[in-house]
Structure formats: C-alpha cells, structure tokens
Amino acid sequence: MSLHPPILIAETDVVAVPVRLVGPDAALEGHVGTWAAANAFTGKAGQMLLVPGHDGALSEVLFGTGKTFDPKSMRGLAAKLPGGVYRLEGLAEADGAAAALAFLLGGYRFDRYKTRDGGEAARLVAPPGVDVEETLRIAAACALAREMVDTPAADMGPLQIETIAREIAESVGASIAVIEGDALLDENYPAVHAVGRAATTQRAPRVIEIGWNLTRTDLPLVALVGKGVVFDTGGLDLKSAAGMRNMKKDMGGAAHALALGRLVMQAGLGVRLVVLVAAVENAVSADAFRPGDVLSSRKGLTIEIGNTDAEGRLILADVLTRAGEHSPDLTLDFATLTGAARVALGPDLPPLYTDDEALAADLLSASATVGDPLWRMPLWAGYKPSIDSEIADVRNDSAAWAQGGSITAALFLQKFAPATGAWAHMDIFAWNSRNRPGWPEGGEAQAMRACYEMLKRRYPV
Ligand code: BES
Ligand code: MN
Ligand code: ZN
C-alpha cells in the first residue's frame, strides 16, 4: 500500500511561511490588522486567513485558536493551506508533537482512483522538540488503516489484506502464517470457514497470523486481533441497500490491528507481538451459512446462528481463541462490530469494553493525552442470558433483545477471550461520516493512537 509523501520536515534553514496562532484577544497591528478586520478574521478556532505582503506574495497565515488552542484543529489547517512550506509560530512547546501529528493526519487524501490537479502539498517544518520519525510513523499507521478502509471491496479482498500483512511482516523481519480456504477446516477455524465459504475461490477466507520477537520470553506478549470482513452483505439475512452501502469498511478492525502492529514493531516496543486477522467476505451464495445453522468453533463451543449478519463475532471467536493459545499478557481486539455502538455513542466515540480496571484506566488516560477518544461501556453480566441458545452453547444474535446490541456483542466475544492476561475490545466505526476540512468523509483510524500510547507507556523500547 503506497504511503503518502512525508509532509513533515525536520527543522532546517528552509524558507517557510509562518503560520501565526492567533486567539480572539490578540491585537493585530498595521496592515495585518487592517486585512484581518476587512476579512472578519476574529481568531475563532479553526479560522484561517492568508495574508499577502506588499508585493502580493503570501507573507504569513493567521490561524485562529479560539480561547484555548486544541492541537487537533491543525487537521483543518493542513486541509486548507495552499501548497508550500510552513512553520508554526506562537505554539507552546508542549503542543508541538500533537500539532505536527494532527497536521499530518489532516493532510491525508484517498487518491487511489481520483485524478487531482496535482498541486503541491502543504508541508510543515517540525516544531522544536518534535520526534519527526516517530510522528511520521504514527501518521503512516493511521494512513494505512484509512487507505485500507477507503479501498473498495473489489480491490481490498482477503488476498489483498494478506499481501499487506506479508509486506508488513517482511519489512520488520516478523514471521507470518496464512491459513486459507478449506485448510481452515483442517486447522480448526470452523467459524471463520463457515462465514467466508460463500465467497469465490479467489476471495477465499483466511486467518493471518504475524509473530514478532517470540523468542524473547522475558518480554510480555501482546496480541492484536482484527475483524476483517472485506464486504458485509449481511449474508442470507441480507442488509438493506442503505445498510450495505459502506460495508467495504467492515475490514476496519483488521486494518487497525495490522497498522498498529506495524507501528509497535517499527518502534521496537518491549513486547512479543502476535497480530491475528480473520479476513473473509460475508457473501451470498448457495454455499452460504444459514440462519438456524449451528456452527462449531475453535474453542469447541457450538454457536446457533440467529442472524447471518452478526458475522463479525463468529470469526473473532476463532481468532480470539487462537490468541489465547499464546497465553498473552494483553489482548486488544478491533472490530466494526455493531450498528448499535453508533446508536449508543455516535460515529466518533468508540466503545471500549474490558473487565480489567488497570487496563481501562491506562487506555482512557492515554486516550485523553493523545486526543483519540474512547468511552468505556459495561460488560454487563445481567445481559448474559441474551446470548443463550436453546439448542447450542451460545447464539450469535441476541434473540428478542433489540437493545444494547454493542454490549451483547461484547459479551459474546468475552466467552472466547483469552483466559490469561487482560482483554479489551473496541467496537470502532473506522469512518468519518461528515465531510469536514481535515476529516474527509471516509476511512478513519480510531482508538489506534490511544492503544499505541498505552502500549508505549507500559512497554517502552
Ligand atoms: N458490520 C456490521 C456492523 C456495522 C453496521 C458497523 C453499520 C458499522 C456500521 C455487523 O456485522 C452487523 O451487521 N451487525 C448487526 C448485528 C445484528 C444482526 C445482531 C447490527 O449491528 O445490526
Ligand atoms: Mn454483519
Ligand atoms: Zn460486519
């Protein structure tokens, strides 16, 4: 997957147009003040004004901070600036890294298919004290996840996810194993096979497992697990047209696990790492699994299918079980698992589920630091009966329970989560549904920077 050109450059003597951060109380003098007044520039958050010099060339840019500056607003700046090289003026040193990263995230464009006029990108001279390499690495991880999500299902099938995983493994010297098609039955991934078997041979289901540093048994083992449904038609319980429209993004969990895994390995954090992805297409064919079927699972629990559209938890069941075979100290899973998560918290706030208090605290504090929101939701034991089945060990939809769907899905996963260590599940949207400067409609990395910050604090290089 191509990376976007680096638009953060190390401090040099390069000529850069200053971007002055301006609050509502700033007194702007001389011709700049006159120009600002003429353009109704008041310094409110996110406002931008290009200021010409006496020769008509761009001499500086004013950027409104509002009363308190939020580094996140730099995403909007990056999206609005004309091509050129810029430096930030009036930025507190403590905000440097967050501002630079936000600038990079705001510069993301999905241009795989679109012919653009080819204008030069806006580039930023790194503010003082910023670790350019680390910032670029984090931005590249977010871009990878977004680009995978943005790529249509026709060009982002199970094979393409495997190819990206192989590229990642090779680039950092990790091992990789892929189990594909009917071999999933021999290797005991029955639920992954059942969900993916309706797809054509070329788009056969697979389990992808990357291993890194595994001989370092002195280090804690972290497992990253992702839902990789390359397209979710709903299966025989077919989705509506509106419900299906954006289901190319249903591999967002896999994209997050792979991109975060790459980041952890590139940074060389002090862990053993396993990245596990189940990549399948939830398709419709004569061979599709059916409502009422009873599947077996890697763990041995039988699963009654109440709804073929609740497929994510089925494939995750098998790969979570697999993660447990490594006796992990920590397991994080990412999945575009339920529409109910959106009903509960909207598009921008992913629910976090864990019964480990220390992990919840560490994740939420990291999340607040890096401005990558998460909201803890309960693994409410009172709802456990919602996934009871009359004829099997568990069922994949919550029967007559129309509400609390994100919680009941998390309770299903909990049955398959590793017995060792802590486990957290994030029900992500992986998508910006509103088009705003810096947040273009389309793929979005969610919870990944928070998880990375937590891992960095717990398991430093
Ligand atoms: N991939 C969807 C969940 C989804 C839908 C995420 C829309 C983001 C936006 C998932 O596989 C699904 O269809 N879940 C069902 C579960 C239900 C059938 C129990 C849902 O949420 O409606
Ligand atoms: Mn579904
Ligand atoms: Zn799905």
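Modeller: Strand 8 and strand 10 (residues 272–282) run antiparallel and are joined by 7 bridges; strands here are DSSP E runs of at least two residues and helices are H or I runs of at least four, numbered from the N terminus. Two strands count as paired if DSSP finds at least two bridges between them.

Colleague: Before we go on, what kind of model is this?

Modeller: This is a predicted model, in which local features need pLDDT of at least 70 and side-chain atom pairs count only at pLDDT 80 or more, while totals for chains, interfaces and linings use all residues. Residues are numbered from 1 along each chain as its sequence is written, chains are lettered from A and ligands numbered from 1 in the order in which they are written, and side-chain values use heavy atoms, with hydrogens and water left out.

Colleague: What is the strand order in the open sheet?

Modeller: The 8 strands follow the order 7-8-10-9-13-17-14-15, with mixed pairing. Strand 7 and strand 15 (375–376) are the edges, each pairing on one side only.

Colleague: Which strands does helix 10 touch?

Modeller: Helix 10 (residues 312–324) packs on the sheet and touches strands 8, 9, 10, 13 and 17, its direction making about 155° with that of strand 9 (221–232). Such angles run from 0 to 180 degrees between N-to-C directions, along axes that are lines fitted to C-alpha atoms, for helices over the stretch in contact; contact means heavy atoms within 4.5 Å.

Colleague: How about helix 13, where does that lie?

Modeller: Helix 13 (residues 405–414) lies across strand 13, strand 14 (351–354) and strand 17, running at about 145° to strand 17. Since 8 of its 10 residues are buried, helix 13 is largely enclosed by the rest of the structure; Ile407, Leu411 and Phe412 are among the buried ones.

Colleague: Changing topic, which residues of helix 4 meet helix 14?

Modeller: Glu134, Ile138, Ala141, Cys142 and Ala145 of helix 4 meet Met448, Arg449, Tyr452 and Lys456 of helix 14. The axes of helix 4 (residues 132–150) and helix 14 (residues 448–458) come within 11 Å and cross at roughly 140°.

Colleague: Last one: is His193 buried or exposed?

Modeller: His193, which lies in helix 7 (residues 190–196), is buried, with a relative accessible area of 9%. Leaving aside neighbours within four places in sequence, His193 is in contact with Gly181, Asp182, Leu184, Leu185 and Pro205. Glu89, in strand 5 (residues 84–89), is partly exposed, at 29% relative accessible area.

Note on methods
Buried means under 20% relative accessible area, exposed over 50%, partly exposed in between (1.4 Å probe, protein chains only).
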